[in-house]
Amino acid sequence: MRILYIDIDSLRPDHLGCYGYHRNTSPNIDTLASSGARVRNLYASDSPCLPSRTAFFGGRFGAQSGVINHGGVCADLQPQGISRDFRSDAAQNSLASLLTRSGYWTASISPFPRRHSAYQMTYGFNETVDTGRGGMENADEIFAETQRWLLHRAKSDNWFLHVNMWDPHTPYDTPESFGNPFKNDPIDAWVTEEIIAKQRASYGPHSAHEVPHYDSKINPKVWPWGRGEITSLEDAKVHLDGYDCGVRYADEYVGRIVNMLDEAGVLDETAIIVAADHGENLGELNVWGDHQTADEFTNHIPGVIRWPGVTPSGVEVGGLHYHLDLASTIVDLAGPNGRELTAGAGWQGASMASALQSGAGGRDKLYLSQGAWSLQRTARWDNWILIHTINTGIKDFSEWMLFDLANDPHETKNLAQNHPEIVQSVGSEMTAEFARLSADCGIGDPFIQVQAEGGAYHARYLGNEWAPYIERLRATGRSHHADWLEANGNAPRPPSLAAY
């Protein structure tokens, strides 16, 4: 068997045609979905990039490994200590190591390990190719290396290839020559002038006032698609077109990779998986084009799986699943001893192999985490999502946010005040679950460590961005928010004051 895992950074499922999107962003991914399986509710256990990929390639939750942040103590795996043998457990029990033990030649084409010093992602790979631009690559640059690899090895048997694309990750930089296939397409109706006005009265990095980061300055050489502020529906459309062009550009090269496999005569003998490290907020919770929360849009990811002999054509997999479950599924299906390997490695994922055939299965409830832009822990079940904010990361959030995704799919109305019984019961379950997971971590609960460092790396209290941003709030007519932040730091806002 050959296994191709296409990992598209920041790809949210509801912007793909096979997940119901009204724009034609993903014809090639849609074709894979129609001839395989689509996992409807697949979630990164930990977000964003570094925590997510550490969890996926290591098989364990961030609360166990300690990797939940992009800087500070919790951006690294915690030392194993005296039990560390000649080789570490983390290296021996990585995804690539388990596949290697199943007889696979493993390779990864990605700039990610060097971008984040995330060398735990490379554990066990026979080959790693760094494309050299630290995540600023477009899909054509990733394809060039993928093409070279496939020309050399496609016809060989028993390989696993990880291909990491970066479109549509911000900054939106799809080549101008690609054009804009969506210039005449409307945006989602949930984005209204009223929503934009509410967001502009609020604050935060990547908010409607500060789309690029902590100000509204866009360097057109770096970020040719987009606007520095969202002041109108026209601005919102420019921003969303930029994201969707990135999706379509990545999809173009997914198609080229599939065509190469077909031309080599091995397409029907190759398992193809398309997923992501995390999704992207595109206005939800006043985050435009980034992944700063543990909500539906940062943690929900696509899962398109075409596995010959396993997935019926067009099956939709229901239930709730972690991306850890996807990793376990790959090892399970790769060889006869897959489940024994993941169990012996202490992995936390549960194989979806049977669900890929029947469409049934999954977990009753998921527990999600964000630790690089804010400190949030979340429960996701049925049509509900409950978000507990410990540290806002300079955002306009109350401590508890409860959303009914069936009736409010873009998280515009916080119902926590209306349902205190849900907050109490599910919140207690969530606290207990993270306490259980953190008991395996060498430093205890990693959220306590990150909070002691001033909060999440990208939005620390009194960090480098703090004072300039307070000054910007005052200069842009939002002095009352500056006053609040100076008095309270990144503490959650009272519900009567919070935007969410």
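The structure is a predicted model, so local features need pLDDT of at least 70 and side-chain atom pairs count only at pLDDT 80 or more, while totals for chains, interfaces and linings use all residues. Residues are numbered from 1 along each chain as its sequence is written, and side-chain values use heavy atoms, with hydrogens and water left out. Helices (H or I, at least four residues) and strands (E, at least two) are DSSP runs, numbered from the N terminus.

**Helix packing: H2 and H11**

- Two packed helices are described by the angle between their axes and the distance between the axes.
- For helix H2 (residues 49-58) and helix H11 (residues 323-334), the axes come within 8 Å and cross at roughly 30°. Axes here are lines fitted to C-alpha atoms, for helices over the stretch in contact, and angles run from 0 to 180 degrees between N-to-C directions.
- On the H2 side, Ser 52, Ala 55 and Phe 56 make the contact, and they meet His 323, Leu 324, Leu 326, Ala 327 and Ile 330 of H11. Contact means heavy atoms within 4.5 Å.
- Sorted by class, that H2 with H11 contact has 6 nonpolar, 2 polar and no charged residues. The classes go like this: Ala, Val, Leu, Ile, Met, Phe, Trp, Tyr, Cys and Pro are nonpolar, Asp, Glu, Lys and Arg are charged, and the others, Gly among them, are polar.

**Pocket and cavities**

- Rolling a probe the size of a water molecule over the atoms shows where empty space is left.
- The search runs on a 1 Å grid over the protein atoms alone: a cavity is a set of points where a 1.4 Å probe fits but cannot get out, a pocket is an open set with protein on both sides within 12 Å along at least five of seven lines, and lining residues have an atom within 4 Å of a point. Grid points are joined across faces, edges and corners, and a volume is the space filled by probe spheres set on the points.
- The largest pocket holds about 610 Å³ of space. Its lining has 27 residues, with Arg 60, Leu 77, Gln 78, Asp 89 and Ala 90 nearest the centre.
- H2, helix H3 (62-65) and helix H4 (89-92) are the elements that give two or more residues to the lining of the largest pocket. H2 supplies the largest share, 5 residues.
- By class, the lining of the largest pocket splits into 9 nonpolar, 13 polar and 5 charged residues.
- Searching the whole structure turns up 5 cavities of 30 Å³ or more, and the largest cavity has a volume of about 80 Å³.
- The largest cavity is lined by 14 residues, and Trp 166, Asp 167, His 169, Pro 171 and Asp 173 are the closest to its centre. That lining divides into 5 nonpolar, 6 polar and 3 charged residues.

- Most residues other than glycine have a negative phi, and most peptide bonds are trans.
- Asp 167 and Pro 168 are joined by a cis peptide bond, with omega about 15°. Pro 168 sits in the loop between strand E7 (159-165) and helix H8 (193-200).
- The bond from Thr 170 to Pro 171 is cis too, with omega near 0°, and Pro 171 is in the loop between E7 and H8.
- Ser 10 is not a glycine, yet its phi is positive at about 70°. You'll find Ser 10 in the loop between strand E1 (2-8) and helix H1 (27-34).
- Ser 10 is buried, with a relative accessible area of 0%. Buried means under 20% relative accessible area, exposed over 50%, partly exposed in between (1.4 Å probe, protein chains only).
- Leu 285 also has a positive phi, near 55°. Leu 285 is in the loop between strand E9 (281-282) and strand E10 (288-290), and counts as buried because its relative accessibility is 2%.

**Single residues worth a click**

- Asp 244 is in helix H9 (residues 233-263) and is buried, at 0% relative accessibility.
- Ala 63 lies in helix H3 and counts as buried at 2% relative accessibility.
- Arg 339, in helix H12 (residues 338-344), is partly exposed at 47% relative accessibility.
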